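Visitor: Please take me through a single part of this model in close detail. I would like the strand pairing first, then the packing.

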Amino acid sequence: MRRIVLISFCSLFSIISYAQSEDFHNVYEACKLAQSSMSFGEGSQNEIEEAASLLTSLRWAPLILQEVDVKHEASIKDHLVFSPEFLSDVAKERSVYKRAKKYAEEQVSAQRGGDVKLCTKCIKGERKVVYAMRHRGGSFNVATVAEVNGLINLSVIVKDANGNESRPYKISSEEFKGANYRKLENIPVPKGNSKVYISIDNKSQEDKSVAIIVE
């Protein structure tokens, strides 16, 4: 009987754990779809509308990051904003790129709920930025998706309440040239007043906007 209860509990825990990360996975996939839908600067209207619809249906909240080293942030004007409102409007008219800053600001003020957080930043070509956020402890997931033709690297360092820093968490594959998107999962964060530092390196020669997704 005890074994049956234990198996049932483990199964339930697995379902709950999956449910907690399902929104993260889906938001990540929606941002990847938004990226691919804009291929070659033209994009498929159907794919753009699908990405907008998917982002609208998912549970996520605006991500507010602490600025650590953002001197290489670029203007988001004329760049892709990873929000359903921007995608819906860009499917109708491309002139919305000129108003990208407005969409990015409205994304910050939106209230959608959920444990997944999302924002869009723009980084100068061949430059890096560093952001930070506080974390109560546990498991941390983060992903980044560059706009079309963007190449990026992502790394994370965790600092505990005593100031002890973890090793850098990163993906070493194609590190020299970067990749269109990166995802780091299940990064352990000590309980207490820990801080997570997120570094994004734009390996492209041109300025690129990047979706940042955390859970």
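**Sheet and cores**

Guide: Glu 67 stands opposite Tyr 131 in strand 4. Strand 2 and strand 4 (residues 128–135) pair in the antiparallel sense, over three bridges. Pairing here requires at least two bridges between two strands, as found by DSSP. Strands (E, at least two residues) and helices (H or I, at least four) are DSSP runs, numbered from the N terminus.

This is a predicted model: local features need pLDDT of at least 70, side-chain atom pairs count only at pLDDT 80 or more, and totals for chains, interfaces and linings use all residues. Residues are numbered from 1 along each chain as its sequence is written, and side-chain values use heavy atoms, with hydrogens and water left out.

Now widen the view. Five strands make an open sheet, ordered 2-4-9-6-7, with antiparallel pairing.

Next, the packing. A nonpolar core is a set of buried Ala, Val, Leu, Ile, Met, Phe, Trp, Tyr and Cys residues joined through side-chain atoms within 4.5 Å. Buried means under 20% relative accessible area (1.4 Å probe, protein chains only). The largest such core has 36 residues; Val 27, Cys 31, Phe 86, Leu 87, Leu 118 and Ile 213 have the most contacts inside it. Apart from it lies another core of 24 residues, including Met 133, Phe 140, Val 196 and Ile 200.

Conventions:
Buried means under 20% relative accessible area, exposed over 50%, partly exposed in between (1.4 Å probe, protein chains only).
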